[in-house]
Amino acid sequence: ILAGWWLRDELQVALAAMSTHGTTLIVLVVLALGGWLGWKLWQRYRFEKLAAIPHITPSELLAALASDEPPLLLDLRGAQMIETTGPVEGATVADLETLAGVVGDWPKHRPIVTMCACPRDATAIRAARMLSELGYASTRPLRGGYEAWLLATRPD
């Protein structure tokens, strides 16, 4: 109450300014909100376009791993998660920064499966795109990532 009493003159000035410039302020807020929403929609569109890459399901991966020429598997989960849960058996641990060095001596014709534990397989998709640009013929992210892999390999 004391602060309100002390600032009563400033409150009157603020109310007068809002009365005079209120419409302009509302328009600016709506434009800022519209710009932010447009930016978010653009980001989503770009990700959806990037994510339009063929995936492999966990059951397809298990079948491929049992074949004569199994795919190479990249585990792109974070170091802390790998330390906590352990590496995936048969997978090579990598991250996006060192990806080219990790797969540098791998044959370009062998299929590669990328796996991560992030929402919507974002890191696995980025890695698959990067490997395709490096000339690897068949790179596919694992649909559902590490969680799907755990469900598929869990003994019943």
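**Exercise 1. Which residues does UniProt list for "domain: Rhodanese"?**

Solution. Before we start, a word on the model: it is predicted, with local features needing pLDDT of at least 70, side-chain atom pairs counting only at pLDDT 80 or more, and totals for chains, interfaces and linings using all residues. Residues are numbered from 1 along each chain as its sequence is written, and side-chain values use heavy atoms, with hydrogens and water left out.

Step 1: the unreviewed UniProt entry gives residues 67–154 for this domain. UniProt positions follow the numbering used here, feature names are shortened, and annotations may be inferred rather than shown by experiment.
Step 2: Helices (H or I, at least four residues) and strands (E, at least two) are DSSP runs, numbered from the N terminus.

**Exercise 2. Work out the make-up of the annotated "transmembrane region".**

Solution. Step 1: the unreviewed UniProt entry places this region at residues 12–39.
Step 1: residues 12–39 are 100% helix and 0% strand.
Step 2: the end C-alpha atoms of this stretch lie 37 Å apart.

**Exercise 3. Describe how helix 2 meets helix 6.**

Solution. Step 1: the axes of helix 2 (residues 8–50) and helix 6 (residues 122–133) come within 10 Å and cross at roughly 60°. Axes are lines fitted to C-alpha atoms, for helices over the stretch in contact, and angles run from 0 to 180 degrees between N-to-C directions.
Step 1: helix 2 is therefore oblique to helix 6. Angles under 35 degrees count as roughly parallel, over 145 as roughly antiparallel, 65 to 115 as roughly perpendicular and the rest as oblique.
Step 2: Phe47, Lys49 and Leu50 of helix 2 touch Ala122, Ile125, Arg126 and Arg129 of helix 6, where contact means heavy atoms within 4.5 Å.

**Exercise 4. Find the partner of Arg140 in a salt bridge, and say what the pair ties together.**

Solution. Step 1: a salt bridge needs a side-chain nitrogen of Lys or Arg within 4 Å of a carboxyl oxygen of Asp or Glu. The count by this rule is three salt bridges.
Step 1: Arg140 pairs with Glu60, with the closest N and O atoms 3.5 Å apart.
Step 2: because Arg140 sits in strand 4 (residues 139–141) and Glu60 in helix 3, the pair ties together parts that are 80 residues apart in sequence.
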